[in-house]
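Dear colleague,

I am passing on the structure below, and would be glad if you could look through it alongside these notes. The findings follow directly after it.

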Amino acid sequence: MIERINLKDLTFEELEQFILQLSQKKYRAKQVFEWLQRGITDFDEMTNLSKDLRDILQEKCFISCPEIAEKYVSKLDGTVKYLLALDDGHLIESVAMRYKHGITLCISTQVGCRMGCRFCASTIGGLVRHLTPAEILDQVLFVQRDLQERISNIVLMGIGEPLDNYDHVLTFLKNVNHPAGLKIGYRHISLSTSGLVPQMLTLAEENMPITLSVSLHAPNDEIRNKIMPVNQLFPLDKVIEACKVYIERTKRRITFEYAMISGVNDTVENARELSSKIKHLLCHVNLIPVNEIGERGYVKSETDKIHRFKIQIERAGISTTIRRELGGDINASCGQLRRGYSRQSL
Ligand code: SAH
């Protein structure tokens, strides 16, 4: 049996090639691309195509669309969390957060994750599989349709390590930014990585002004090794070196994420060590009181300690914020919902 093509897996240029191979005019590709990114789920909705072309597409291709497994709306701040089921039944999470400047959608890039960060719920069952470019885009299309509102910003901070699924993530970024699609500007997109150095360096060469967030969570290798196994592959100094290259190449400010974990990485001395390593970089530090995941036994730092940590970093001239907790009543942080769901269904 010939496998049918998920058209949202193709870049615009690949779609043009595909349409040409069907002996169709090239401009048809733009029409198809526009329909796909309007979130249609049936070829018959592509009303400006001939019936013949729609039939050919129907025969050779398909349009993916996730289904809602669960949806929660926070009563505190309107955050909406989706647990979505993919075609093969695997579950991913997407979270829509309301800010003054619009809706930011946090999306997943893999089913599970193999980075193994000790404090993170997404990684508990390991990596199941990569998401396809279509499945990454589908989260944006689906949530936009469900909320009937435009998504203005995207953060790749849901389940998975985006740079471990590099090619699919790149196709997604190009497609979501494309003038014939949702046109979400690269400056409105953030990608978070646990620090995969080779891919960070490749990304620096893409000439794509997205914001790179790097999950540091520790001021030295000793602490980072304990909470982030990936540090054994790419130690802190190498990650910071890659950040330097990224900043020089893209002229973009990097955000360092730092989960505050009581008794692990939250002393003023830790803050001093961290700031001495990053103060020469164009960067911002985002402190995140760690979300306490049942299985992990990590506890968030006391508010006082977080503030003292912040002041110490700011002393080195580095801008620092403490992340506001959104959706606290709906388990809105990464991996918690999928984890809870699979536990219930055991
Ligand atoms: N794999 C990527 C992106 C996914 S996680 C990365 O590691 O950056 C997005 C952010 O949430 C990362 O900074 C991650 O370290 C952090 N995170 C994961 N679990 C957390 C928890 N329990 N509390 C606070 N932050 C957490």
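How many residues of domain 1 are in contact with residues of domain 2? With contact taken as heavy atoms within 4.5 Å, 14 residues of domain 1 meet 15 residues of domain 2.

Before the details, please note that this is a predicted model, in which local features need pLDDT of at least 70 and side-chain atom pairs count only at pLDDT 80 or more, while totals for chains, interfaces and linings use all residues. Residues are numbered from 1 along each chain as its sequence is written, and side-chain values use heavy atoms, with hydrogens and water left out.

**The two domains**

The chain is divided into domain 1 (5-62) and domain 2 (67-345), with bounds that come from an automatic or database domain assignment, and the centres of the two, taken over C-alpha atoms, are 33 Å apart. The area buried between them is about 1200 Å², of which carbon and sulfur atoms give 56%; buried area here is the accessible area (1.4 Å probe) that two parts lose on being put together, summed over both. Of the area that domain 1 buries against domain 2, Lys8, Asp9 and Gln37 supply 49%, more than any other three residues.

Between the domains there is 1 salt bridge, a term that stands for a side-chain nitrogen of Lys or Arg within 4 Å of a carboxyl oxygen of Asp or Glu. Lys8 also forms a salt bridge with Asp138, with the closest N and O atoms 2.6 Å apart. On the side of domain 1 that touches domain 2, helix H2 (residues 27-37) gives the most, with 5 residues; helices are DSSP runs (H or I, at least four residues), numbered from the N terminus.

Within helix H2, Glu34 and Lys30 are 4 residues apart and therefore separated by about one helical turn, and these two residues form a salt bridge whose closest N and O atoms are 3.3 Å apart. The structure holds 17 salt bridges.

**The ligand**

The ligand is surrounded by 18 residues, the closest being Phe119, Ser192, Ser215, His217 and Asn291, where a residue counts if one of its heavy atoms lies within 4 Å. An N or O atom in the side chain of Ser215 is 2.6 Å from an oxygen atom of the ligand, and for the side chain of Glu257 the corresponding distance to an oxygen atom of the ligand is 3.2 Å. A nitrogen atom of the ligand lies 3.0 Å from a backbone N or O atom of Gly160.

With best regards

Technical notes: Helices (H or I, at least four residues) and strands (E, at least two) are DSSP runs, numbered from the N terminus. A polar contact is a pair of N or O atoms within 3.5 Å; within protein, one must be able to donate a hydrogen and the other to accept it, and residues adjacent in sequence count only if both atoms are side-chain atoms.
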